[in-house]
Every structure is written in C-alpha cells, then in structure tokens.
Amino acid sequence: MRRIAVPADLKLFAQEFSRAGFACWFVGGAVRDSLLGHAAADWDAATDARPEDVMKLFRTVIPTGVQHGTVTVRWRSRMVETTTFRVDGEYRDGRRPESVRFTDDLVQDLSRRDFTINGMAVDPASGELVDPHGGMADLQAGVVRAIGDARARFDEDGLRPLRAIRFACRFGFSIEQATFAAIPATLEKFRRVSAERVREELSKILLSAEPSTGIGLLERSLLLP
C-alpha cells in the first residue's frame with residue numbers, strides 16, 4: 001500500500017475532527033502531486049462533519065460555499081478548503097450542481113470527482129491511500145482518465161475537458177481514448193463556462209513545458225475554435 005507523508009500541522013488539523021468524533025481525509029490535487037513527488041501547496045480536506053459542525057470546531061472559518069458543503073478553515077499559516085462528503089444533484093448550468101446530498105461515505109464522495117488521478121484520498125494519521133478508481137495506476141501509466149462515464153463527467157462541468165488537456169500538458173500525460181473522444185460531444189456545455197475560467201486554464205496550458213502539445217489537443221478536440 002502506497003503511503004503519503006502528510007505535513008505535521010495538517011495531521012494536527014485532522015486530529016481536531018477525530019477528537020470530535022468525525023473523519024477527516026485529504027483529497028484532490030495535493031494527494032496527486034505528493035504521489036508524483038511534487039511539492040503540494042494547497043491541501044483540501046473532506047469530512048463527514050457537516051459545515052455547521054466544522055464552523056464550531058475552529059476559530060476562523062469562512063463560509064465559502066456552504067450550500068455545497070464547503071467552508072475554508074484558517075489553520076495556523078494555511079487556508080484549508082474543507083468539504084462535507086457529498087453526492088451531487090443535477091448540473092443545469094454546466095458548472096455546479098443545483099443541489100447536493102451529504103453522505104458519510106468517502107468513496108461516494110470520491111466518485112463525483114473529475115479524473116481518477118484526482119479521485120484519491122489519504123488518511124492523515126497513517127498516510128494510507130484510498131484509491132477506488134485506479135488513480136495510482138493511471139499516475140504510473142501517465143494517463144488522464146475520467147471517473148466513470150466521460151460524457152457524463154463533461155456534461156456536469158463544461159470546464160473539465162479543458163482541465164483534462166491542462167493536466168496532460170502539465171504532467172506530460174496522454175488522455176485516455178474514451179475520455180478524449182467524449183469532448184466534442186460536450187462542447188455546448190463548454191461554451192457556458194465563463195471567459196475568466198477558460199482564460200485561467202488556457203494560461204496554464206500555454207505556460208506548460210510543451211504548450212504546442214496543448215494547442216494540438218485543443219485543435220483535435222474541437223475546443224480551440
């Protein structure tokens with residue numbers, strides 16, 4: 001079992017949850033980057049504690065997205081985005097769910113995420129990895145793969161196709177065939193994404209080590225025009 005060395009101050013953060021009878025895991029990009037041997041700047045937490053419970057546990061909590069179960073906790077020198085385990089409802093605007101249902105199941109929460117390499121969690125105490133969708137294998141193979149049905153993932157959030165290309169450029173990965181093939185069919189959802197969000201992802205592609213690869217993927221996927 002692969003383990004991750006969680007920073008000491010974040011282990012103490014997680015202990016605040018366990019003392020109150022809640023679970024706390026670290027998820028997303030920090031887990032992925034740590035497994036790749038990269039420095040992880042922002043650590044996001046997932047918990048079975050409801051937002052109101054988290055707000056009682058810590059002195060400084062910003063209600064950044066309470067309606068979706070997310071608050072940001074100021075913990076020592078860090079800002080830790082903390083989200084309750086959830087199952088997403090219908091996506092009507094192509095960016096965010098209309099509603100969410102809280103759950104106590106970590107695996108259910110990981111299943112709503114975009115790509116397998118982002119769908120892993122680490123236990124802060126033991127450093128053990130939870131990887132229900134084969135993210136570690138895809139990291140080792142250098143593959144960006146949607147969790148579950150790629151068309152459904154891209155229909156939920158129109159920015160995800162551009163993120164797939166950005167991750168491929170950042171890490172020198174390929175995009176799994178079915179994942180890439182799903183992009184042209186979801187262009188209408190991509191058109192709904194704000195120019196600011198597109199600019200942010202496009203800038204990261206252009207600043208990657210191989211921007212020409214990104215431009216080629218954008219062209220082949222029909223995202224470029």
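Reply: By residue class, the second largest pocket has a lining of 10 nonpolar, no polar and 1 charged residues. The model is a predicted one, and the volume of this pocket comes to about 180 Å³. Its lining consists of Leu 162, Leu 187, Phe 190, Arg 191, Val 198, Leu 202, Leu 218, Leu 222, Leu 223, Leu 224 and Pro 225. Two elements, helix 9 (187-190) and helix 10, each contribute at least two residues to that lining.

Leu 162 lines the second largest pocket and, in helix 7, takes part in the contact with helix 11. Leu 218 is likewise in the lining, and in helix 11 it belongs to the contact with helix 10. The helix pairs may now be taken in turn.

Packed helix pairs are described by the angle between the two axes and by the distance between them. For helix 7 (residues 160-171) and helix 11 (residues 211-221), the angle is about 150° and the axes are 9 Å apart. Helix 7 is therefore roughly antiparallel to helix 11, an angle over 145 degrees being counted in that way. The crossing of helix 7 past helix 11 is right-handed. On the side of helix 7, the contact involves Leu 162, Ile 165, Ala 168 and Cys 169, which meet Thr 213, Gly 214, Leu 217, Leu 218 and Ser 221 of helix 11. This contact comprises 6 nonpolar, 3 polar and no charged residues.

Helix 10 (195-206) also packs against helix 11, with axes that come within 7 Å and cross at roughly 130°. Helix 10 is therefore oblique to helix 11. Leu 202, Ile 205 and Leu 206 of helix 10 meet Pro 211, Gly 214, Ile 215 and Leu 218 of helix 11. By class, 6 residues of this contact are nonpolar, 1 is polar and none is charged.

The remaining pair to describe is helix 7 with helix 10, whose axes come within 9 Å and cross at roughly 20°. These two helices are therefore roughly parallel to each other, as angles under 35 degrees are so counted. Helix 7 passes helix 10 in a left-handed crossing. Leu 162, Arg 163, Ile 165, Arg 166 and Cys 169 of helix 7 form the contact with Val 198, Glu 201, Leu 202, Lys 204 and Ile 205 of helix 10. Here the classes are 6 nonpolar, no polar and 4 charged residues.

Elements giving two or more residues to the lining include helix 2 (29-35), strand 2 (44-47), strand 5 (78-84), helix 7 and helix 10. The largest share, 5 residues, is supplied by helix 7. By class, this lining contains 11 nonpolar, 8 polar and 21 charged residues, whereas that of the second largest pocket contains 10 nonpolar, no polar and 1 charged.

How values were computed:
Residues are numbered from 1 along each chain as its sequence is written. This is a predicted model: local features need pLDDT of at least 70, side-chain atom pairs count only at pLDDT 80 or more; totals for chains, interfaces and linings use all residues. Side-chain values use heavy atoms; hydrogens and water are left out. Axes are lines fitted to C-alpha atoms, for helices over the stretch in contact, and angles run from 0 to 180 degrees between N-to-C directions. Helices (H or I, at least four residues) and strands (E, at least two) are DSSP runs, numbered from the N terminus. Angles under 35 degrees count as roughly parallel, over 145 as roughly antiparallel, 65 to 115 as roughly perpendicular and the rest as oblique. A crossing is left-handed if the near helix is turned anticlockwise from the far one by less than a right angle, and right-handed if clockwise. Contact means heavy atoms within 4.5 Å. Ala, Val, Leu, Ile, Met, Phe, Trp, Tyr, Cys and Pro count as nonpolar, Asp, Glu, Lys and Arg as charged, and the others, Gly among them, as polar. On a 1 Å grid over the protein atoms alone, a cavity is a set of points where a 1.4 Å probe fits but cannot get out, and a pocket is an open set with protein on both sides within 12 Å along at least five of seven lines; lining residues have an atom within 4 Å of a point. Grid points are joined across faces, edges and corners, and a volume is the space filled by probe spheres set on the points.
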